[in-house]
2 protein chains.
Amino acid sequence: MATLKVPATVPPVADDCDQLRKAFQGWGTNEALIISILGHRDAAQRRAIRRAYAEAYGEELLRSITDEISGDFERAVILWTLDPAERDAVLANEAARKWKPGNRVLVEIACTRTSAQIFATRQAYHERFKRSLEEDIAAHVTGDFRKLLVPLVSTYRYDGPEVNTRLAHSEAKLLHEKIHHKAYSDDEIIRILTTRSKPQLIATFNHYNDAFGHRINKDLKADPQDEYLRTLRAIIRCFSCPDRYFEKVARQAIAGLGTDENSLTRVITTRAEVDLKLIKEAYQKRNSVPLERAVAGDTSGDYESMLLALLGQE
Amino acid sequence: MATLKVPATVPPVADDCDQLRKAFQGWGTNEALIISILGHRDAAQRRAIRRAYAEAYGEELLRSITDEISGDFERAVILWTLDPAERDAVLANEAARKWKPGNRVLVEIACTRTSAQIFATRQAYHERFKRSLEEDIAAHVTGDFRKLLVPLVSTYRYDGPEVNTRLAHSEAKLLHEKIHHKAYSDDEIIRILTTRSKPQLIATFNHYNDAFGHRINKDLKADPQDEYLRTLRAIIRCFSCPDRYFEKVARQAIAGLGTDENSLTRVITTRAEVDLKLIKEAYQKRNSVPLERAVAGDTSGDYESMLLALLGQE
């Protein structure tokens, strides 16, 4: 369900490095060449290129990139070139440091990655920032958001398929009770969302729907603009339907006057090797226009070309 | 600083398995033989024995052990034979399921192991119990203890040596303030203890001592019998002086009428390959009697022999 297009025969790593070096040097930068290489290599190939490049030229590839290009294009190429765990560590660090109630990046990372991926991100975070992710969140976020987000990123969820139906029933009831009393930041709501496995949570949400006649997210919409409730709904959407969650992020990034480039870049770079095909389908279905066309209409230049390459445009 | 004694030339794994099988079979069990083998093999050797034994006899070694021996001796041999991460997972599971405010096992595991060891335990927990450790703690523990213990086991602490002195000063002041107002379960106290790295915490505790004229643990002794305060003090002791923390657990297990075999077995099996030598030194210093002699005086039979073997007695 990835959109990334890797050529049938990939050139030797040394050739890719050589071409990239040429793209950076001389009169002006060859942006098209950068895109044609990095925009068509998978994570393992990009890792090999970074290693070989640093060995061959005594300079980090990411360094050469930031020296030569800038703005949204730079951010897209850098984020894409990073390993998924490093990329998530960088995104999570930005989100923690400049945290605002409307920022959903931490939820996204905590709820749409596997347990092993989140742990790899926490390791990459140590490596890069000499602190832990939960330490930074706990130090920068306050109140109910801290109470929710710290355990959300710290948990190492069981990821087996087992579901305890009785537990799903009792916890659906418990969630309903707390929501009914508007106790949205109650310890039990947070405990359930931050510790149960994804299959268990999905069973709980389904039972909620069956037992109470409407989806849990409908009940969490009492005040549609409240950022804490929006965060709870985002958590539930990330678990239940990540493709539709990301479709909405992309839609909102594109909609209206001006584009939210950071969100658009994030969705495309983090999902191109995962489920961007599903997100594109969801987008087409919801907006009756292909995501590529919407992106092309809202962006321009090398940034546009880079996003379209990752979106799998031929 | 381990006490475990492994012979200079260890027999081939197949011979160890063969001997163990003989010890289990026939008329009565040869307990001395079990101790002479398993009580003198390190974690990697025991792992190799378990694997080879299961292959050779189509039965798990731990199964054969539980079929043949019982009581405190069985518990000591089983806990010892387990891999450290599996052993901690088993101990943590018992502690979570039968949790009582006086139970300090979760604190011990969360605060005296490295970040990588705790993560290995969380993985072993998934494997063995089909749930996550934090999930079980959150489901069984309530109130302030839950607020403290869930993040304590969930954190993946940064384990580099860097210390931020300014932060140590400001957080020592913050801890002092909260403790002064008896706000022992305040979010900030829990945040600091559950997210900062060990070197950072030790710098904070030292600064507390320097700035306020006495150790933080003295200020946390307002009500010496309060179990929540005892838990906070145990956390701080586990970070600052694990050998003296374990000395106290061993001392209290031995002291008085009757022995707390579970605690004694836990200290000896979990520390024999780590720092039991330091714990023995601390014990001798504090009680003017060698730990071996105290253990020999309070236990008997095969259980005694097993503990003494792990304590490094020739």
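Reader: Let me start with Arg122(A): is Arg122(A) buried or exposed?

Author: The term has cut-offs: buried means under 20% relative accessible area, exposed over 50%, and partly exposed in between, with a 1.4 Å probe and protein chains only. Arg122(A) has a relative accessible area of 2%, so Arg122(A) counts as buried. Arg122(A) sits in helix α8 (residues 115-129) of chain A; helices are DSSP runs of H or I with at least four residues, strands are runs of E with at least two, and both are numbered from the N terminus.

Before we go on, a word on the source: this is a predicted model, where local features need pLDDT of at least 70 and side-chain atom pairs count only at pLDDT 80 or more, while totals for chains, interfaces and linings use all residues. Residues are numbered from 1 along each chain as its sequence is written, chains are lettered from A and ligands numbered from 1 in the order in which they are written, and side-chain values use heavy atoms, with hydrogens and water left out.

Reader: Which residues is Arg122(A) in contact with, leaving aside neighbours within four places in sequence?

Author: Contact means heavy atoms within 4.5 Å. In chain A, the partners of Arg122(A) beyond four places in sequence are Glu134(A), Val153(A), Ser154(A) and Thr155(A). From chain B come Arg122(B), Ser154(B), Thr155(B) and Tyr156(B).

Reader: That brings in the other chain. How do I read the area buried between chain B and chain A?

Author: The size of an interface is often given as the accessible area lost when the parts come together. Buried area is the accessible area (1.4 Å probe) that two parts lose on being put together, summed over both. Between chain B and chain A, about 2300 Å² is buried, and carbon and sulfur atoms give 57% of that area. Chain B brings 25 residues to the contact, and chain A brings 25 residues.

Reader: How many salt bridges does the rule find across the interface of chain B and chain A?

Author: Side chains of opposite charge can pair when their charged atoms come close. The rule for a salt bridge asks for a side-chain nitrogen of Lys or Arg within 4 Å of a carboxyl oxygen of Asp or Glu. Four salt bridges cross between chain B and chain A by this rule. One of them joins Glu135(A) to Arg196(B), with the closest N and O atoms 2.8 Å apart. On the side of chain B that touches chain A, the elements giving two or more residues are α8 (115-129), α9 (133-140), α10 (143-154) and α12 (187-195) of chain B.

Reader: And which salt bridges can I look at within chain B?

Author: One of them pairs Glu227(B) with Arg104(B), at 2.8 Å from N to O. Glu227(B) lies in helix α15 (residues 227-240) of chain B and Arg104(B) in the loop between α6 (84-97) and α7 (105-112) of chain B, so this pair ties together parts that are 123 residues apart in sequence. Glu227(B) is partly exposed at 26% relative accessibility, whereas Arg104(B) is buried at 17%.

Compare that with Asp18(B) and Lys22(B), whose salt bridge has its closest N and O atoms 3.3 Å apart. Asp18(B) and Lys22(B) are separated by about one helical turn, because they are four residues apart in helix α1 (residues 13-24) of chain B. Asp18(B) is partly exposed at 33%, and Lys22(B) is exposed at 51%.

Reader: What does a positive phi tell me about Lys182(B)?

Author: Most residues other than glycine have a negative phi, and most peptide bonds are trans. Lys182(B) is not a glycine, yet has a positive phi of about 55°. Lys182(B) is in the loop between α11 (165-180) and α12 of chain B, and is exposed at 57% relative accessibility. Ser288(B), also not a glycine, has a positive phi of about 55°. Ser288(B) is in the loop between α18 (276-287) and α19 (291-298) of chain B, and is exposed with a relative accessible area of 63%.

Reader: Last one: which residue does UniProt list for "binding site"?

Author: The unreviewed UniProt entry lists Asp298(A) under that name. UniProt positions are given in the numbering used here, feature names are shortened, and annotations may be inferred rather than shown by experiment. Asp298(A) is in helix α19 (residues 291-298) of chain A, and is partly exposed with a relative accessible area of 28%. Leaving out residues up to four places away in sequence, Asp298(A) touches Ala253(A), Ile254(A), Gly258(A) and Thr259(A).
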